[in-house]
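My entries follow in the order I looked things up.

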Amino acid sequence: MDDLLREFITETNESLDVVDVELVKFEQEPNNATILDNIFRLVHTIKGTCGFLGLPRLEGIAHAAETLMGKFRDGAPVTQEAVSLILISIDQIKDILGDLEAAEGEEPQGDDSELIGKLEDMSAKADAAMAGETVEEAEAAPQEAEAEEPAAEEATDQTLERPLRPGEVSLDELERAFQETEIEVEVAEAEVVEAEEAPEEAEEPAPAPAAAKAETKEQPKKAEAAKKAGGEGGEKKAAGGGVSNQSIRVAVDTLEHLMTMVSELVLTRNQLLEIVRRHEDSEFKVPLQRLSNVTAELQEGVMATRMQPIGNAWQKLPRIVRDLSQELEKPIDLEMIGADTELDRQVLEMIKDPLTHMVRNSADHGLERPEERRAAGKPEKGIITLAAYHEGGHIIIEVRDDGKGIDVDRVKAKVLERGLASESEVEKMTDSQIHKFIFHAGFSTAAEVTSVSGRGVGMDVVRNNIELIGGTVDLRSATGKGSSFIIKIPLTLAIVSTLIVEAGGDRFAIPQLSVVELVRVQTNSEHRIERIKDTPVLRLRNKLLPLVHLSQLLGIYEGEDADKAIDEDNGFIVVMQVGSQTFGVVVDGVFHTEEIVVKPMSTMLRNLNMFSGNTILGDGSVIMIIDPNGIAGAMASHASSSVAESEEEEQDDLQRRSMSGQTSISLLLFRAGAPEPKAVPLSLVTRLEEFEVSKIERSNGRDLVQYRGALMPLVYVNEGDCHKTEGTQPMLVFSDAGRSMGLVVDEIVDIVEDRMNIEVGSERPGILGSAVVKERATEIIDLGYYLPQAFEDWFMRKEMDIEALTKKVLFVDDSSFFRNMLTPVLKAAGYDVTTCTGPQQAFELLENGDKFHAIVSDIEMPEINGFEFCESLRRDPRFRNMPMLALSSLVTPASIERGRQAGFDDYVAKFDRPGLIAALKDVFSNELGVAA
Amino acid sequence: MSVLEHKLNADADENAASDMIQYVTVVIGGQLFGLPISQVHDVFVPESVTRVPMSAPEVQGVLNLRGRIVTAINMRRRLHLPPLEDEQMMAVGIEYKHESYGLVIDTVGEVLNLPAASAESNPSNLDRRWAEISGGVHRLDGQLMVILDVDRLLGAMFTEPMAAA
């Protein structure tokens, strides 16, 4: 039996129960139009669906019954006889449904003409009864009865060449049915809910329970459950329907309450864990571990009941698009991808309206008229695509059209007209900055207001709704190709993974969703805080990030000079992304990540937009949860437009990178000795310096400069080159273990992010080969050639690093954040890195015979944690001596000891990048030592 | 706790006289205040209060009271009194519009059973900021007790930030 049919049976059985009850009520209150409307709609829906599913018998009866009820609606007197007749027809429908279910979707043979005949007679009588009032209708009646296909109350405009056959529907009727369907479905579902408790005792009319406001959404779930029950359903022939007994409906309130209780349980569990952590060897440890696991499972289970496929929010869209398509006279195709992606029903509810609005927008503003499309060489039919997929802890929903894209000039004109920005500001803005104006209140680019959209209440409301649930909306548009809105929302609102940080002596929780990365700033580290006038910025991969100290944003900075809040030589920067705004928030300390249950703030504090809630941490203290949107808002005043521009570039970069699927590295471009550009990986360069030519001294046949209290030998790219004769001489300084070498260059050209693909190898010493960098052939220089020129023994000491180049390292971490953060670090150190998203994948790689020289593994991973992973590898003789490093955000003596016991060679904190490199070096040198 | 004992004693003494009101007395900056006992849920020592940046100055912060998050309001700041130095403060837990609040005060005193009729209205020259939260005054032996009107006390704090915003 197909799913559609099964769902139909479940639904219809429930609808019929309602009709039973309602009819009885109706008989007592013949003048209650609401009841009649409800019944009429229910039966109408049944009829419509039967026709759709190809069930002529059911359709025939339902149709006749509906016609009769139509008469009532038009004012015919309600007789007991008539009501009984309808009840009989409904019983007949039930019987057929029962057989239908038993026969796996095969409509039973049988003749209903007698019943239908009675119904028609009754209709005719009803007409006759009304005849005194309305002559026209009475006239129409017999004709209707004959044709067996009357449009109950409307006269037909559209005529067919031939009379309608029994069971056929006139065009007008069809059109009307379409228009009514939406409302009808809603009503039907609401009714169904009322019958919540009814399905069990389907045959007797159940008293309608007080209207529980259960969500209609549960329908598909139920159908699914029924599907699982499989064939069993067929055996239960009872009219109530076996299928409908396979699941129960639960009021959402009950679920919500359950969820709250589980949340409390999680909090208490966390508290207990924290206490036990403080007391080593507590006898509570084991039972608590068990409690912890059970709690986690319980939490998951309850969460699962809240999860619903996003398709539920999309249900109405095909209809809307169909209507729009007609109204706007544009042929439109709606594609839906990933409708089964699940998310919390609370979130689902919140995005329904914004989604509908966006689809309307795409149809109205986005897609061009067919003739324009033809002219642009596109197929006449426009396509709107809805796509949903999971990414990390959130869900991405994309609404895309292949229309004309956003008209930047028109937006510009509108921006000026509304005085949202000055002309010079607008000139400086990038296209994507201009696109963002459509999210402003009262902004509409539709040249004229149509009934569909263009009234300027829209995108700002959409954005607000999405931000309300902690989501962001972004826009990409290409002129002539279409535009796409990307909505990023959390999977659930109940539990949030947060990063606990400290600022101004207080702790705060920042939702991980908006944290892109963490940067540690230290004296001499590659990342430095710099200042443009007094504005602190961070140069991160050659992009400038605006920085603000969290305590400044929150107004809790206690020092005297707010400008000095940021310690240039020491601090953590939380790089956050909200919408397309990226910025750095400086904090005094970073602790760990914690899954927290958000509790709403007291009403008194709800006006603070910097916080989205608060919660109780494992140690029992209360912590405020930062609202990234609030922070971004406060940040906006700090961020200059030039910075915003660089963000755009970064985004483009990210996109490019994700498209190429290959990580790019920073290359320093320079010129030396020849006009063609040369490049060296930036990560190898310690410093860029410029020296006065007069500072260059000559001794023992070579050039030297005094640099940081020592003599630094200078090396030239080509033998026989010499330094400039006047002014300053730029050079690249390479340092290692207290020794430095200066590579003399003519000019430092640029720093670019690109993939280093050496395409043409080189025979020339000092050049690794040529690569295309910034669309130009560029020589990649071989540092290994130059370093011994400065210190002959450099190579000896560097042996390890050269060795490193051939070392394959397997990096296991479930968090893409850390994979992205640490992989480049390892690569820059010269290791050949392979990443895995978890131990399972790592096992597979190792089983496939991939050889690795060392494994770096995260500890906190789902399913198999790092300790277990290490232990199981150690059990295998092949991997007994494989160097393994543990990497964890939790570094305590106890966890280090645990790591050692599991068989890890070393245990490194996740944020300690130099530590990681040093530890890797160590394990390899130990290994060599053992081998020798 | 002493409060409870008092309550019990008081109950025993005065057999639920309908025109009598029981007050939990608290001291804030040397002044005696009384809260109707029906509104007081707890008396506790406010510990590990988390500051809430950008909140109204009288909000001392939020704290965990047996798994509930309670908003602590510093009554000294509310009454524009200088802060109490180096002394353990106390707090009275009350409920307002289904949310928990803690009024941070200096010390908790005894429970008094006073006839409702003996309450006098606020003297007209009372500091406006005090008059705003006072529901009247009781004359006791040798001192006056100001009745704290919780609804007005907290209600005013809701509207203020709104008006400012």
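This is a predicted model: local features need pLDDT of at least 70, side-chain atom pairs count only at pLDDT 80 or more; totals for chains, interfaces and linings use all residues.

**Entry: Glu329(A).** I applied the cut-off here. Glu329(A) has 9 C-beta neighbours inside 10 Å, so it counts as exposed. I found Glu329(A) in the loop between helix 13 (317-328) and strand 2 (332-337) of chain A. I then checked its backbone. Phi of Glu329(A) is near 55°, positive in a residue other than glycine. Most residues other than glycine have a negative phi.

**Entry: His98(B).** I looked for a case in chain B. His98(B) is not a glycine, yet its phi is positive, about 65°. I placed His98(B) in the loop between strand 6 (90-96) and strand 7 (99-105) of chain B. Is His98(B) buried or exposed? I noted 6 other C-beta atoms within 10 Å, so His98(B) is exposed.

**Entry: Val773(A).** I turned to a strand. Val773(A) lies in strand 29 (residues 767-773) of chain A. It has 22 other C-beta atoms within 10 Å and is therefore buried. I also looked up Leu669(A), 104 residues away along the chain from Val773(A). Their C-alpha atoms are separated by 8.8 Å.

**Entry: chain A overall.** I noted 30 helices and 35 strands in chain A. Of its 932 residues, 38% count as buried. I took contacts between residues at least 6 apart in sequence; 63% of these in chain A join residues at least 24 apart.

**Entry: nonpolar cores.** The largest nonpolar core has 90 residues. Among those with the most contacts inside it I listed Phe508(A), Val574(A), Leu35(B) and Val92(B). From chain A, domain 2 (252-306) and domain 4 (495-659) each give this core at least three residues. I recorded a second, separate core of 39 residues, including Trp314(A), Ile332(A), Ile351(A) and Met459(A). Back at Val92(B), I set aside neighbours within four places in sequence; its contacts include Val24(B), Leu35(B), Leu103(B) and Ile105(B).

**Entry: a helix pair.** How do helix 14 (residues 345-366) and helix 19 (residues 459-468) of chain A cross? I found their axes coming within 9 Å and crossing at roughly 155°. Angles over 145 degrees count as roughly antiparallel, so helix 14 of chain A is roughly antiparallel to helix 19 of chain A. The crossing of the two is left-handed. On the helix 14 side I noted Ile351(A), Pro354(A) and Met358(A) among the residues that meet helix 19 of chain A. On the helix 19 side, Val462(A) and Ile466(A) are among the partners.

Technical notes
Residues are numbered from 1 along each chain as its sequence is written. Chains are lettered from A and ligands numbered from 1 in the order in which they are written. A nonpolar core is a set of buried Ala, Val, Leu, Ile, Met, Phe, Trp, Tyr and Cys residues joined through C-beta atoms within 7 Å. A residue is buried if 20 or more other C-beta atoms lie within 10 Å of its own, exposed if 12 or fewer, and partly exposed in between; C-beta atoms are placed from the backbone. Domain bounds come from an automatic or database domain assignment. Two residues are in contact if their C-beta atoms, placed from the backbone, lie within 7 Å. Helices (H or I, at least four residues) and strands (E, at least two) are DSSP runs, numbered from the N terminus. Axes are lines fitted to C-alpha atoms, for helices over the stretch in contact, and angles run from 0 to 180 degrees between N-to-C directions. Angles under 35 degrees count as roughly parallel, over 145 as roughly antiparallel, 65 to 115 as roughly perpendicular and the rest as oblique. A crossing is left-handed if the near helix is turned anticlockwise from the far one by less than a right angle, and right-handed if clockwise.
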